[in-house]
Amino acid sequence: MAHLRTAAAPTARRCLSRSFAPSPRASFVPSGIRCLSATAPRRSAFAVNDLTQVFHDVAPLRKFRRDLFLNNRTVGLVPTMGALHEGHISLVRKAAEENTDVWVTIYVNPTQFGLNEDLASYPKTWETDMEMLRDLDRGLAREGKGRVSAVFAPSTTTMYPTSPPDSSIPGVGSFIEMRPLGQLLEGASRPVFFRGVATVCMKLFNICTPDSVYFGQKDAQQTVVIKKLVKDFHLNTKVRICDTSREPDGLALSSRNVYLGARRRRTGIVLNQALRKAEAQYKAGKRLRGDILWPAVDHGDRVQHEQENLQPSKRALFQVDYISLADPDTMEEVEKVDETKGAILSGAVKMMPVEEPQEGEELGLGSGQVAVRLIDNIVLQPTR
């Protein structure tokens, strides 16, 4: 029986008695534009085309970016891998509140998938994604906010022009690595993941030169990686982190949730429930690692045992990769929360393929046979 575990603290491997066992391209038409103030505008004050422009190549996108710059328009960038959901839409809305133009990138980046990870299984929903963005853009126009003026959907040859993308270690190609940050937590289980994230984001930031970039808090470690990338390489963009979008019961929205189906969806909330129990300990005044994490450990173990004791036709088995209590700046494990900094509670679970699927059962995309990795986190705010 697999048990849930906590991420190892720097001074000990364990500190708990139990383990948490394509559309046509369009050219920019600058008619009807007037100059804006140097302050990033919150609302549009000019006429724009009704159609969001789709770019597949770098040169025309850069020309469009220069036209916007010369007309004092600002760009908020929302990088995505497609399969858009309400979490992505919330990021676009935030970018539209703070910029005249919002650009969305849609590119499934192969270098953040390991050799044993199924890149081909990542959902690809181009037509649905574009319809969502067009509907949103029409709504933003009615609200007088910034507009979704461009979607950048490059090919892999465009993004990796000199050699094919490589997910091996050490790998062949041009990469950006963050050490030790990129090797912790998600990086420990997915060794090339943050190398791929940092590399592709550097490429996108260089191509798009956005005034601001928008990411969701759900990928907590990724937000720290992006902040460090921007600071360490002196990139001229602001990093904006937006709250995690959730289902009513607390499940964090993710493009991969379409694979869950009803059975695994019901059980998958275990991670958020466990983190909330740890959060309650912090709010009750607990500051030591063991005191904060033990209720999360206990809840995870109990739900895991409950599922294992059910018949295969009814259960949803899962494995927990880690439960972490980490420094918010470095993602390194802490034994005691610094009240002036707070901490980040985070975790990852892997929902296993459905056993003995039943006739008529709602299994999700992939008929319940695609393992689904769920991640979540809660930010513990400083108390003084």
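## Crossing of α2 and α3

The axes of helices α2 and α3 come within 11 Å and cross at roughly 35°; axes are lines fitted to C-alpha atoms, for helices over the stretch in contact, and angles run from 0 to 180 degrees between N-to-C directions. Helices (H or I, at least four residues) and strands (E, at least two) are DSSP runs, numbered from the N terminus. The crossing of α2 past α3 is right-handed, that is, the near helix is turned clockwise from the far one by less than a right angle. From α2, the residues I89, V92, R93 and A96 meet M132, L136, L140 and E143 of α3, where contact means heavy atoms within 4.5 Å.

The model is predicted: local features need pLDDT of at least 70 and side-chain atom pairs count only at pLDDT 80 or more, whereas totals for chains, interfaces and linings use all residues. Residues are numbered from 1 along each chain as its sequence is written, and side-chain values use heavy atoms, with hydrogens and water left out.

Helix α2 (residues 86-98) has 13 residues, which should span 18 Å at 1.5 Å a residue, and its end C-alpha atoms are 19 Å apart, in agreement. The expected span is 1.5 Å times one less than the number of residues. The buried residues of α2 (under 20% relative accessible area, with a 1.4 Å probe and protein chains only) include G87, H88, I89 and L91, together with V92, A95, A96 and E98. They pack against β2, β3 (101-106), α3 (126-143), β4, β5 and β6 (238-242).

Helix α7 also has 13 residues and reaches 18 Å from its first C-alpha to its last, close to the expected 18 Å. Buried in α7 are A220, Q221, Q222, T223, V224, V225, I226, L229 and V230. Their cover includes α5 (186-189), α6, β5, β6, β8 and β9 (372-380). Just after α7, H234 takes a positive phi of about 50°.

## The parallel sheet

Six strands form an open, parallel sheet in the order β1-β4-β3-β2-β5-β6; two strands pair if DSSP finds at least two bridges between them. The edge strands, β1 (53-55) and β6, each pair on one side only. From one strand to the next the twist averages 25°.

Three bridges join β1 and β4 in the parallel sense, and Q53 stands opposite A150 in β4. Helix α3 packs on this sheet, touching β1, β3 and β4, and its direction makes about 160° with that of β4. Helix α7 packs on the sheet as well, where it touches β5 and β6 and makes about 170° with the direction of β6.

## The antiparallel sheet

Another open sheet has three strands, in the order β7-β8-β9, with antiparallel pairing. Its edge strands are β7 and β9, each pairing on one side only. Neighbouring strands are turned by 10° against each other on average, direction ignored.

The antiparallel strands β8 and β9 are joined by nine bridges, and S346 stands opposite N377 in β9. Helix α9 (residues 270-283) packs on this sheet and touches β7, β8 and β9, its direction making about 15° with that of β9. Helix α10 packs there too, touching β7 and β8, with its direction at about 170° to that of β7.

## Nonpolar cores

A nonpolar core is a set of buried Ala, Val, Leu, Ile, Met, Phe, Trp, Tyr and Cys residues joined through side-chain atoms within 4.5 Å. The largest one has 43 residues, and those with the most contacts inside it are W103, F152, M159, C201, F205 and L229. At least two of its residues come from each of α1 (58-70), β2 (75-80), β4 (147-152), α6 (193-208), β5 (212-216), α7 (220-232), β7 and β8 (343-351). Helix α6 supplies the largest share, eleven residues.

Leaving aside neighbours within four places in sequence, F152 is in contact with residues including F55, L61, V104, I106, M159, L204 and I207. Apart from this core lies another, of 29 residues, among them A278, I292, A296 and V303.

## The loop at P312

P312 lies in the loop between α10 (289-308) and β7 (318-326). With a relative accessible area of 28%, P312 is partly exposed, a class that runs between the buried limit of 20% and the exposed limit of 50%.

Beyond its neighbours within four places in sequence, P312 is in contact with R263, E355 and E356. P312 and V354 are 42 residues apart in sequence and 8.4 Å apart in space, C-alpha to C-alpha.
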